[in-house]
Amino acid sequence: MSLCLAIVSGKGGTGKSTVSSGLSIAFSRNNKKVLLVDLDMGLRCIDTFFGIEEGVVFDLYDAISSGNYESAFYYPENEFDNICIVPAPPKNKPVTAEQFSSFYDFCNERFDVIILDLPAGLDFSLLENVKDRLTFICVSNPDPISVKDASCVAQTLYENGIKNPKLIINKFDAELIICKTYKNIDSVIDLSGIRLLGIIPNSPDLMLLPLNHKLRKKSKAYKALNRISRRLSGETVLLPKPKRI
């Protein structure tokens with residue numbers, strides 16, 4: 001059985017797809033076979049993060065419609081050979097919860113980690129039939145509006161019977177704590193109402209990932225993503241002090 005993650009956010013711009021891609025890289029470098037599924041219908045971008053967009057012919061809708069699920073499996077070259085990507089379909093080719101459930105069952109037996117990159121917002125109906133088998137992770141920026149959106153996401157998840165969602169604070173700047181914009185990290189967590197999983201620093205390495213399709217192992221961003229992947233794999237990994245994140 002796979003470790004299955006649903007990456008969500010309130011509004012767009014939090015870096016949800018960047019986090020999904022970065023976690024895929026972290027898991028793959030720890031010898032995990034990763035399936036990364038882009039579910040942002042009409043606004044797909046995961047293929048761009050890994051430089052495969054020009055080679056995409058079939059998407060999730062095509063794979064489900066044909067019954068040949070592997071027709072939409074794409075494997076990036078170079079160092080990402082442990083990652084398989086499924087592109088999202090256009091908006092006018094919707095996928096139902098029943099169809100996605102069958103696709104999910106097929107994939108669950110073939111990968112160590114499945115990461116679902118959902119569109120921003122509060123609609124999780126596509127995952128209705130598999131939600132009990134997923135770990136939901138909300139990506140938020142540390143600014144007050146984004147944290148408020150994360151709180152709305154948490155409330156919606158709880159109302160849909162989804163227990164124990166987790167929070168990733170992305171684009172973190174230690175100056176927010178040093179300059180006392182926030183009293184401490186706990187204040188951000190309290191406002192969101194979600195248990196913290198990890199913090200990722202504001203980083204040019206992640207900003208450039210869709211352009212150069214690389215993520216340096218020594219970068220602070222990658223180290224943060226690797227800590228998160230290890231926690232999700234069951235390891236106890238302490239959170240560094242804000243200046244070291």
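The largest pocket is lined by 21 residues. Leu39, Met41, Pro119, Asp123 and Leu126 lie nearest its centre. A pocket is defined on a 1 Å grid over the protein atoms alone, as an open set of points where a 1.4 Å probe fits, with protein on both sides within 12 Å along at least five of seven lines; lining residues have an atom within 4 Å of a point. The structure is a predicted model, in which local features need pLDDT of at least 70, side-chain atom pairs count only at pLDDT 80 or more, and totals for chains, interfaces and linings use all residues. Residues are numbered from 1 along each chain as its sequence is written, and side-chain values use heavy atoms, with hydrogens and water left out.

The space in the largest pocket comes to about 370 Å³. Such a volume is the space filled by probe spheres set on the grid points, which are joined across faces, edges and corners. The lining of the largest pocket holds 14 nonpolar, three polar and four charged residues. Here Ala, Val, Leu, Ile, Met, Phe, Trp, Tyr, Cys and Pro count as nonpolar, Asp, Glu, Lys and Arg as charged, and the others, Gly among them, as polar.

The second largest pocket has a volume of about 240 Å³. Its lining includes Lys166, Arg195, Gly198, Arg231 and Glu235. Six of the lining residues of this second largest pocket are nonpolar, two are polar and four are charged. E7 gives the most, with four residues. Helices (H or I, at least four residues) and strands (E, at least two) are DSSP runs, numbered from the N terminus.

Helix H10 also holds Tyr222. At 8% relative accessibility, Tyr222 counts as buried. Buried means under 20% relative accessible area, exposed over 50%, and partly exposed in between (1.4 Å probe, protein chains only). Leaving out residues up to four places away in sequence, Tyr222 touches Ile25, Ala26, Arg29, Leu215, Arg216 and Lys217. Contact means heavy atoms within 4.5 Å. Arg29 lies over the face of the Tyr222 ring, at 4.7 Å from the ring centre. A charge sits over a ring if NZ of Lys or CZ of Arg is within 6 Å of the ring centre and within 35 degrees of the ring normal. Ser203 lies in the loop between E7 and helix H8 (204–207). Ser203 counts as buried, at 8% relative accessibility.

Aromatic rings also pair with one another. Rings of Phe, Tyr and Trp (its six-membered ring) pair if their centres lie within 6.5 Å; planes under 30 degrees apart count as stacked, over 60 as edge-to-face and the rest as tilted. By this rule the count is six aromatic pairs. The ring centres of Phe73 and Phe111 are 5.8 Å apart and their planes stand at 75°, so this pair is edge-to-face. Phe73 lies in the loop between helix H3 (60–66) and strand E3 (83–86), and Phe111 in the loop between H4 and strand E4 (113–117), so the pair ties together parts that are 38 residues apart in sequence. Both Phe73 and Phe111 are buried. The rings of Phe124 and Phe136 have centres 6.1 Å apart and planes at 70°, so this pair is edge-to-face. Phe124 is in the loop between E4 and strand E5 (135–140), and Phe136 is in strand E5, twelve residues apart. Phe124 is buried at 7% relative accessibility, and Phe136 is buried at 2%.

Ring pairs also link Tyr69, Phe100, Phe103 and Phe106 into a cluster. Phe106 is found in helix H4 (residues 97–108). Beyond residues up to four places away in sequence, Phe106 touches Tyr69, Glu70 and Phe73. The ring of Phe111 has the charged end of Lys33 over it, 5.3 Å from its centre.

Most residues other than glycine have a negative phi. Asn31 has a positive phi of about 65°, and Asn164 has one of about 55°. Asn31 lies in the loop between helix H1 (16–29) and strand E2 (34–38). Asn164 lies in the loop between helix H5 (144–159) and strand E6 (166–172). Asn31 counts as exposed at 67% relative accessibility, and Asn164 counts as exposed at 59%.
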